[in-house]
Amino acid sequence: MNLIKKSKKSLLMCLMAAVLMTFTLVPFVNPMQASAATAKYKVTCNYIHLVYNNHVGNQWNCRVSVKGKTIHSGGSCTVSSTGGITIVSKVTENDSYPDSNHTSKYVKLSVGKTLKYTNTVVVTENRGRYSGETAKWKFSYTVKRIQ
């Protein structure tokens with residue numbers, strides 16, 4: 001009988017300790033407060049540079065897209081984000097059968113830093129006697145927190 005009383009007492013002590021530890025060591029965190037705050041960033045396309053062109057075309061449309069906003073060389077836009085953005089660089093030949101390609105770069109945003117990135121796009125000629133030849137473009141970006 002004495003052993004049963006000791007077992008019940010020990011079990012009760014363990015349960016009380018577990019309950020106390022649950023509420024004192026792991027505080028309640030509201031999921032809305034746990035998410036990162038949204039901040040505004042200025043994305044600038046510093047330049048778009050043709051590295052080489054092996055008979056692919058002469059007239060090009062080069063652009064950058066960030067969260068649905070289009071930027072051309074020297075332009076910028078403001079976007080809001082909580083942690084990162086994807087910058088898409090696209091090059092399209094102005095032709096009846098346009099050659100085109102794009103690349104994407106995911107940028108993890110940082111507080112208080114101005115971030116600089118480069119990205120390259122290689123376009124391949126898809127028709128004619130120069131089929132298979134390539135042209136390469138280099139894009140440069142700056143991402144800066146403004147708020």
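In this predicted model, pLDDT stays under 50 over residues 25-35. pLDDT is the predictor's confidence in each residue, on a scale from 0 to 100. For residues 25-35 the model has two contacts beyond four places in sequence, a contact being heavy atoms within 4.5 Å. Where pLDDT is low, the predicted coordinates should not be read in detail. Over the chain, the mean pLDDT is 83, and 76% of residues reach 70 or more. Since the model is predicted, local features need pLDDT of at least 70 and side-chain atom pairs count only at pLDDT 80 or more, while totals for chains, interfaces and linings use all residues. Residues are numbered from 1 along each chain as its sequence is written, and side-chain values use heavy atoms, with hydrogens and water left out.

The chain holds two helices and eight strands. These are DSSP runs numbered from the N terminus (helices: H or I, at least four residues; strands: E, at least two). Along the sequence the pattern is α-α-β-β-β-β-β-β-β-β. Of contacts between residues at least 6 apart in sequence, 61% join residues at least 24 apart. The accessible surface comes to about 10,100 Å², and carbon and sulfur atoms account for 56% of that area. Areas follow the Shrake-Rupley method with a 1.4 Å probe; for residues, only the protein chains shown count as cover. Of the 147 residues, 26% count as buried (buried, under 20% relative accessible area; exposed, over 50%; partly exposed, in between; 1.4 Å probe, protein chains only).

Isoleucine 87 sits in strand β5 (residues 84-93). Its relative accessible area is 0%, so isoleucine 87 is buried. Beyond four places in sequence, isoleucine 87 touches residues including Val43, Val64, Val66, Val107, Tyr141 and Val143. Lysine 105 is also on that list. Isoleucine 87 and lysine 105 are 18 residues apart in sequence, with a C-alpha to C-alpha distance of 5.2 Å.

Threonine 142 belongs to strand β8 (residues 134-145). Threonine 142 counts as buried because its relative accessibility is 15%. Its side chain makes a polar contact of 2.7 Å with that of asparagine 46. Such a contact is a pair of N or O atoms within 3.5 Å; within protein, one must be able to donate a hydrogen and the other to accept it, and residues adjacent in sequence count only if both atoms are side-chain atoms. Other residues touched by threonine 142 include Lys42, Thr44 and Leu115.

Tyrosine 52 lies in strand β1 (residues 39-53). Tyrosine 52 counts as partly exposed because its relative accessibility is 32%.
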